[in-house]
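Reader: I have a model to look at and some labels to check. Please tell me what stands behind each label.

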Amino acid sequence: MADNIPFKPSGGGSFVPYTGISVTSTPSGVSGDVYDITPATGNTLRILRLSTGNTSVELGMTVTITNNNGTQDLITNDELEENQPTNGFFIGQLGPLNLDVVQKSLPFVDCQRIVVTKVAGNTAQPIDISYVEGRFE
């Protein structure tokens, strides 16, 4: 019986931030790619918040992330939720008043790139995003 089998940790460890939190808001009237964010080489983006900047949803939005296995749309030509979410897609923590509402949300997203696109026309709402760059150690 082997008592000295070496164990190696699996997985990528814990996310360690390498930058401060970046917070950006675009004004209304943006067309095409609202955001196209890629971290520094070797880093990962942790998206902490993505929503409109006021209390109205933005229709016709696509949110695409890229990771090692390619790209994936989180939503396609769909509704991006407001800053006080009710039932559409957004990234961020839920406030206590929103916990009883059915949500299409994620608390955060880790990716190597995020592209937020207004499919047709111009945005009617400001679009807010916050993120931090880091690595899994």
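Reader: How many helices and strands are in the protein, and what makes a run count as one?
Author: The protein has 0 helices and 11 strands. Helices are DSSP runs of H or I with at least four residues, strands are runs of E with at least two, and both are numbered from the N terminus. Read from the N terminus, the order is β-β-β-β-β-β-β-β-β-β-β.

Reader: What kind of model is this, and how are residues numbered?
Author: The model is predicted: local features need pLDDT of at least 70, side-chain atom pairs count only at pLDDT 80 or more, and totals for chains, interfaces and linings use all residues. Residues are numbered from 1 along each chain as its sequence is written, and side-chain values use heavy atoms, with hydrogens and water left out.

Reader: What is the mean pLDDT of the protein?
Author: The mean is 87, and 85% of the residues reach 70 or more. pLDDT is the predictor's confidence in each residue, from 0 to 100. Over residues 4-8 it stays under 50. The model has 0 contacts beyond four places in sequence for residues 4-8. Where pLDDT is low, the predicted coordinates should not be read in detail.

Reader: Why is Thr52 called buried?
Author: Buried means under 20% relative accessible area, exposed means over 50%, and partly exposed lies in between (1.4 Å probe, protein chains only). Thr52 has 0%, so it is buried. Its place is in strand 4.

Reader: What is Thr52 in contact with?
Author: Contact means heavy atoms within 4.5 Å. Leaving aside neighbours within four places in sequence, the partners of Thr52 include Val57, Glu58, Leu80, Gln125 and Ile127. The Thr52 side chain also reaches the backbone oxygen of Asn54 at 3.1 Å.

Reader: Why does Thr123 count as buried, although its place is in a loop?
Author: Its relative accessible area is 5%, so Thr123 is buried. The loop lies between strand 10 and strand 11. Among the residues that Thr123 touches are Pro27, Val34, Glu58, Met61 and Lys118.

Reader: What makes Gly121 partly exposed?
Author: Gly121 has 49% relative accessibility, so it counts as partly exposed. Its place is in strand 10. Beyond four places in sequence, Gly121 is in contact with Val30 and Ser31. Ser31 is 90 residues apart from Gly121 along the chain, yet their C-alpha atoms are separated by 5.9 Å.

Reader: How do you know that strand 5 pairs with strand 6?
Author: Two strands pair if DSSP finds at least two bridges between them. 7 bridges join strand 5 (residues 58-67) to strand 6, and the two run antiparallel.

Reader: Which way do strand 5 and strand 10 run, and how many bridges join them?
Author: They run antiparallel, joined by 6 bridges. Met61 has Lys118 as its bridge partner in strand 10.

Reader: What makes strand 5 mostly covered?
Author: 8 of its 10 residues are buried. Across the protein's 137 residues, 38% count as buried.

Reader: What is the largest nonpolar core made of?
Author: A nonpolar core is a set of buried Ala, Val, Leu, Ile, Met, Phe, Trp, Tyr and Cys residues joined through side-chain atoms within 4.5 Å. The largest has 21 residues, and Ile47, Leu50, Ile114, Val116 and Ile129 have the most contacts inside it. Elements giving two or more residues to this core include strand 3 (31-37), strand 4 (44-52) and strand 11 (127-136). Among the residues that Ile47 touches are Ile91, Phe108, Ile114 and Ile129.

Note on methods: Polar contact = N/O pair within 3.5 Å; in protein donor to acceptor, adjacent residues only side chain to side chain.
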